[in-house]
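Work through the exercises below with the sequence and coordinates at hand. Each task is followed by a stepwise solution.

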Amino acid sequence: MRPNPRRWVVLKFGGTSVSSATNWRHIAEVIRARLDSELQPVVVHSALSGVTDRLESLLGAAVEHRHRPILEAIEKAHRELAASLRIVPGPQFEGLLDELQRIASSIAETRESSDRVRARVMAMGELLATTLGGVFLNAQGIATRWVDARRVLRALRRDSATTRSSYLSATCDYAPDLELQAEWRSYERVVITQGFIAADDAGETVLLGRGGSDTSGAYFAAKLAAERLEIWTDVPGMFSANPRDVPTARLLRALHYDEAQEIASNGAKVLHPRCVMPVRQYGIPLHVYATQAPQLPGTIVSADVADSAARVKAIAIKKGITLVSMDSPGMWHQVGFLADAFQVFKQQGLSVDLVSTSETNVTVSLDPSANTLDAAAVARLTEALGAICRVNILGPCASLSLLGHNIRGILHELGAAFELFQDQKIYLVTQAANDLNFTFVIDESQGDRLVQQLHERLIQRIGADKVLGPTWQELFAVTQPAPAAPAHWWCVPEKRQELLRIAAREGAAYVYDPESLDAAVADLQRLGSVDRWAYAMKANWHPQILRRFHAAGLLLECVSAGEIRHAFNSVPGLSAQDILFTPNFAPRAEYEYGFEAGVRVTLDNLHPLKYWPQVFEGKEIFVRIDPGFGRGHHQHVRTAGMYSKFGIPLAEIAELARLATSAGVRVVGLHAHAGSGIFDVDNWIETGTLLAELATRFADARIVDLGGGLGVPDYPGNSGLDLAALDRGVASLRARFPHLRFWLEPGRYLVARAGVLIAQVTQLKGKGEVRYVGLATGMNSLIRPALYGAHHEVVNLTRLGEPATDMLTVVGPICESADRLATDRWLPPTEEGDVLLLATCGAYGYAMSSNYNLRPPAREFMLGE
């Protein structure tokens, strides 16, 4: 009786996986483990890392007779790997290298490179690399047979295919092949073959397109009716975000084929989306593992749905997206417009990804991974479409996708996440027909920050389950090394020691760094376009800060009579004209006090002027305008728009002018403030343009106050506000409206980074997977996380620079569930008595504190006192 034949397992290894001796030793161990499990391995692998790009460069260089150094670099990479593997490449390798040199010389002679020749050259990367792999495995005692993939994979004929796509982006038949199975079984050896390459009916070399090695693995798995396909790469599975950018990204333990394909199609580079269809069609499970860490669990992709509940499982981003906006008033109810437009894309050889339509506009996205989008290609497309519509090209953009199951069923739960898009230019929104993704197309520059923030809100806090596994940090014990030079003022040794002394004495304290305060002012005063800066003192009214800013020439912006009195008491010699008073829904007495004190008074509602005209009679005032839009990271910091209580709406400007004339009031300044935490410079330019145009309605208007809200980056690594761009923008306003002066009134920008909240650890607690660290103070000192969902960086100041290996949630002693200062933060092992530091607390910290629970808030200290 014949024994049951071994089942096939196809092992596909990527370029990084086959480029080092260490990884090849892991590959050998994996193959032995599969053999021990009574499986018959087939190894499919890519070119060495970087070689495909060098071959691409070789084609252009050969035309100009500059190919010799590139050939030498390709040869050197392979020979160095062979030396590290302690093998001699062999005659097959030498023959392939000679063939590559002959092709390059032929290109140099003819000065041209056809798509047919391009395919032959690009295939050499896989052919050369697999010859080394075969020699190494045999040297390790693993009987291995090298097979040319072009003998097995045959490209399908496509009537609509161009010559270019036929050679460079072929599709192959992958039906189960009993003859192939019998032939390869007769070898009684491990088979090693190439990814990325195949042949057409004439035997000519063709390519499967970039990322084609994954597809090759799937083709071989389907033809062999394999037990499973294993994709081995440098990442141990598919993750809830790119773990290189988001270290808290979670391993996705199990996914359905559809989910994996959707995640791969929307930017995850671990898996090429084309490889899913063949294994799905024949029910072959697909496993994703890391070559450098073969012991890690990885991801299993199959027909089983690990969790069918409606949820977001991943956040993905694709960059380099080009949007094509097509306008034509005549398209409304016009039969065939879309057909005509898409025919143009087909003729240009371009594949459309996302589509959004309206009565007069169709906008589509072009994915660079599926299209050649050089300037010439875009110009040809624009010209061709110009015959039927008006075309506008937008880019570079990024598509940001929320991916998971039954997304439509949880849209009502995503409100907090959607708030993050408040300040973004959203060019296009789509919801997939298969209900597996919800996609936004935004400016590329904003993509990484949004991925990080969305992941924190939607995925990071979820406990481990059937789908979500450990984080990248947990798998690899990623630590944050101590910076070579102090990255923050509190990293300076002398300042750190003073902070620790204060914490030991006080238990909890706010501490401000004078040098950081001065640096923030200096940064802003370098903007030559701004005529005057005012400090919004509600952010932090510490007397020393007020004196420091006044000495630097800043006005003080107050919002209450109490703040005015505090300013006069704190700053000796303060002129009343150096105070800008901007009350909101204040009683009549406060306006009267403001005028009596001689400060500049701002009106933000018609009620006082309508019902108390005698208070304003003959006075000069500023007027706060509601521009009709609010901006900011949270609804509570958006200070304009219908649902904000601030400012006079545009619809009441005519009545404002009438009331001002009637009371003999001179409107000398117009002011608007859209919100806080804004990074888009266009906010202030749009505001300035609006106010400058409104100023023509008021003969005495000479000042435009653009408000504040200058964004402060709260996440490590996030870029800050582009001050140079802001300077250029305000300069453009001055050039357009030379008769006006332009002011800005930042608050948080000037003080946030100069202040920290330090507190001693009082207790620690574990509840299941959640670990809590308690501090000596909480939301009574810092309410921003509870009120705004604000993010503050947290560090263990006692153990600064030590590996961050523990995920902790930081809480205070207040009897409220909202007394949570930070959630799921990576910190060193923390003990009672350690001092934790919360960064960017210089604004709206102590100023918003309370004695809730009759616990006094942390006291304030100026460093160096």
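**Exercise 1.** In which loop does His65 lie?

Solution. The model is predicted: local features need pLDDT of at least 70, side-chain atom pairs count only at pLDDT 80 or more, and totals for chains, interfaces and linings use all residues. Residues are numbered from 1 along each chain as its sequence is written, and side-chain values use heavy atoms, with hydrogens and water left out.
- Step 1: His65 lies between helix H2 (51–63) and helix H3 (68–85); helices (H or I, at least four residues) and strands (E, at least two) are DSSP runs, numbered from the N terminus.
- Step 2: His65 is not a glycine, yet its phi is positive, about 60 degrees.
- Step 3: His65 is partly exposed at 47% relative accessibility; buried means under 20% relative accessible area, exposed over 50%, and partly exposed in between (1.4 Å probe, protein chains only).

**Exercise 2.** Determine whether Asp824 is buried or exposed.

Solution.
- Step 1: Locate Asp824 in strand E35 (residues 820–827).
- Step 2: Its phi is positive too, about 50 degrees, although Asp824 is not a glycine.
- Step 3: With a relative accessible area of 11%, Asp824 is buried.

**Exercise 3.** How many disulfides does a search of the whole structure find?

Solution.
- Step 1: The criterion is a pair of cysteine sulfur atoms within 2.5 Å.
- Step 2: For Cys275, the closest cysteine sulfur is in Cys172, 14 Å away, which is too far for a bond.
- Step 3: For Cys491, the closest is in Cys841, 15 Å away, again too far.
- Step 4: The search of the whole structure gives zero disulfides.
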